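I opened my notebook to look up a few things in this structure.

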Amino acid sequence: MRRRRSQMESLDEPRNERRSGPIDRSLPKTILVLGATSAIAQAWMRLMAAEGASFFLVARNAIHLDSVAKDVATRGATAVYVEAIDLDDISGHVALLERAAAALGNLDCAFIAHGVLGDQAAGERDFAAAAASLQTNFLSTVSLVTWLANYFAAQYRGRLVVISSVAGDRGRKSNYIYGAAKAGLNAFLDGVRNRLDREGVQVLTVRPGFVATPMTAHLPQGPLFVTPDHVARDILHAIEHRRDVLYTPWFWRWIMALIRVIPEWKFKKMDL
Ligand SMILES: NC(=O)c1ccc[n+]([C@@H]2O[C@H](COP(=O)([O-])OP(=O)(O)OC[C@H]3O[C@@H](n4cnc5c(N)ncnc54)[C@H](OP(=O)(O)O)[C@@H]3O)[C@@H](O)[C@H]2O)c1
């Protein structure tokens, strides 16, 4: 009886190995980018275009999207498909993702970059403004990842790269609505990774600090700001090394570790 069980276990092992598959360290060749007009996404796409990747680009501003697509094509992309859609409209997600997978043949990677900083003061006054931020920064991404997670799990490979933020590490008065959306996203992605790692799928949560993009153009640009190119290079490195959570630049991991350990009695009196 004991012997028989060990035979069954040994029969199971190779199947489990196949399920996980060999670790895929190759760069993705077929890439879906959601929020493709984001400055960070554009910087990363330029790196991937130079590698000859094919793209399906999604953004809501059709004119901006066309100029981004032309730029990616001239930088070496093998093929570029575009679709203009507002990602807040969750009812269109499944059909959109099916079209993207069909156009590219298959998906190696999905890169989710859309987001809004939102108006914190408006959200404090009016729940509708807070809900709009949660819709864009959290719910729409949850909807996209739900489909993509099942797609990648079915093929036992793939890379899911989602831009979150250090703002999700601790709520603070200046942007806790945005921060709450990103915190929810971080927890959601932790769970998706815990589910998909054994299927051979990389789930990379990107947590940038301050990046000089249109989103932060209204803020004074202090010494902690970096360029989208800096963040894009860090993301590429994290993809190549199959990282789980990327703080970019690296020092934000330690800044946020310090911020998280400040006791609440002290934190609540601070102006952050
Ligand atoms: N910049 C930073 O300091 C910073 C720090 C941490 C995290 N992040 C995150 O990084 C990601 C990229 O932002 P970014 O810095 O590159 O800023 P960005 O250039 O302003 O990009 C944001 C993009 O999101 C798109 N978007 C917003 N709502 C959308 C919707 N409903 N449907 C489709 N697209 C939508 C915007 O499109 P439109 O042009 O049409 O509005 C824009 O292209 C975001 O998730 C952001 O939260 C940024």
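**Entry 1: Arg-159.** Is Arg-159 buried or exposed? I looked it up: Arg-159 is buried, at a relative accessible area of 4%. Buried means under 20% relative accessible area, exposed over 50%, and partly exposed in between, with a 1.4 Å probe and protein chains only. Arg-159 is found in strand β5. Strands are DSSP runs of E with at least two residues, helices are runs of H or I with at least four, and both are numbered from the N terminus. The Arg-159 side chain reaches the backbone oxygen of Ile-239 at 2.9 Å.

I note that this is a predicted model: local features need pLDDT of at least 70, side-chain atom pairs count only at pLDDT 80 or more, and totals for chains, interfaces and linings use all residues. Residues are numbered from 1 along each chain as its sequence is written, and side-chain values use heavy atoms, with hydrogens and water left out.

**Entry 2: Asp-169.** I found Asp-169 in the loop between β5 and α7. Asp-169 counts as buried, at 11% relative accessibility. Which side chain does the side chain of Asp-169 meet in a polar contact? It is that of Arg-207, at 2.9 Å. A polar contact is a pair of N or O atoms within 3.5 Å; within protein, one must be able to donate a hydrogen and the other to accept it, and residues adjacent in sequence count only if both atoms are side-chain atoms. Leaving aside neighbours within four places in sequence, Asp-169 is also in contact (heavy atoms within 4.5 Å) with residues including Asn-186 and Tyr-247.

**Entry 3: the ligand.** I counted 27 residues around the ligand (a heavy atom within 4 Å). Thr-37, Asp-86, Tyr-178, Val-211 and Thr-213 come nearest. A polar side-chain atom of Asp-86 lies 2.8 Å from a ligand nitrogen. For Leu-87, a backbone N or O atom lies 2.9 Å from a nitrogen atom of the ligand. Helices α2 (39–50) and α7 (176–196) each supply at least two residues of the shell.

**Entry 4: the cores.** How many residues does the largest nonpolar core have? I read 36. A nonpolar core is a set of buried Ala, Val, Leu, Ile, Met, Phe, Trp, Tyr and Cys residues joined through side-chain atoms within 4.5 Å. Trp-44 and Phe-55 are among those with the most contacts inside it. α2 gives the most to this core, with seven residues. Apart from it lies another core of 30 residues, among them Val-58 and Phe-152.
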